Amino acid sequence: TCSIERLVTHPKLVEAALSGRKTQQRRDGVYAYPNETFSLEGQTFIVTDLTRETIGDMTDVEAQAEGYPNLEMYKNLIIKMHAGMEWNEAAPVWVHHFKRVD
């Protein structure tokens, strides 16, 4: 499941990336490395950075970069999307930073 084509898949998040509101994607594995490209609806994006954090490092600013209005909404939706998941502040994640290529 850790392939660049699966980095951003949810329709609302694809729309957020296309509009420029989404510039980060947190995953539990590495889906892409810096300078790799991917496409969403014919638009090309480039991965600009890959960092390792814990989910507890997130703030409202990072949640907005993920395409959500705030951290609380991000938490609620992530828990709903992943049945049985508990929010663990110490859980490590890979943060894929990207931008649209014009």
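The model is predicted: local features need pLDDT of at least 70, side-chain atom pairs count only at pLDDT 80 or more, and totals for chains, interfaces and linings use all residues. Residues are numbered from 1 along each chain as its sequence is written, and side-chain values use heavy atoms, with hydrogens and water left out. Helices (DSSP runs of H or I, at least four residues) and strands (runs of E, at least two) are numbered from the N terminus.

**Sheet**

- Four strands make an open sheet in the order S1-S4-S3-S2, with antiparallel pairing; two strands count as paired if DSSP finds at least two bridges between them.
- S1 and S2 are the edge strands, each pairing on one side only.
- From one strand to the next the twist averages 40 degrees, where axes are lines fitted to C-alpha atoms (for helices over the stretch in contact) and angles run from 0 to 180 degrees between N-to-C directions.
- S3 pairs with S4 (residues 92–100) in the antiparallel sense over 9 bridges.
- Arginine 52 has tryptophan 94 in S4 as its bridge partner.

- S2 and S3 pair in the antiparallel sense over 4 bridges.
- Serine 39 has threonine 44 in S3 as its bridge partner.
- The two strands S2 and S3 form a hairpin with 2 residues between them, and glutamate 41 in the turn has a positive phi of about 50 degrees.
- In a regular strand the side chains alternate between the two faces of the sheet.
- The covered face of S2 carries Phe38 and Leu40, while Thr37 and Ser39 are on the uncovered face.

**Salt bridges**

- The structure holds 6 salt bridges, each a side-chain nitrogen of Lys or Arg within 4 Å of a carboxyl oxygen of Asp or Glu.
- Lys22, Arg26, Glu53 and Glu66 are linked in a network of such bridges.
- Lysine 22 and glutamate 66 meet in a salt bridge at 3.0 Å, N to O. Lysine 22 lies in the loop between helix H1 (11–19) and S1, and glutamate 66 in the loop between helix H2 (60–65) and helix H3 (71–81), so this pair ties together parts that are 44 residues apart in sequence.
- Arginine 26 forms a salt bridge with glutamate 53, with the closest N and O atoms 3.3 Å apart. This pair links strand S1, which holds arginine 26, to strand S3, which holds glutamate 53, 27 residues apart.
- The side chain of arginine 26 also meets that of glutamate 66 in a salt bridge (3.0 Å, N to O). Arginine 26 in S1 and glutamate 66 in the loop between H2 and H3 are 40 residues apart.
- Lysine 22 is buried at a relative accessible area of 1%, as is glutamate 66 at 1%, and arginine 26 counts as buried at 5%. Buried means under 20% relative accessible area, exposed over 50% and partly exposed in between (1.4 Å probe, protein chains only).

- Most residues other than glycine have a negative phi, and most peptide bonds are trans.
- Asparagine 35 has a phi near 80 degrees, a positive value in a residue other than glycine. Asparagine 35 is found in the loop between strand S1 (24–27) and strand S2 (37–40), and counts as exposed at 63% relative accessibility.
- Glutamate 41 has a phi near 50 degrees, again positive in a residue other than glycine. Its place is in the loop between S2 and strand S3 (43–54), and glutamate 41 is exposed with a relative accessible area of 73%.
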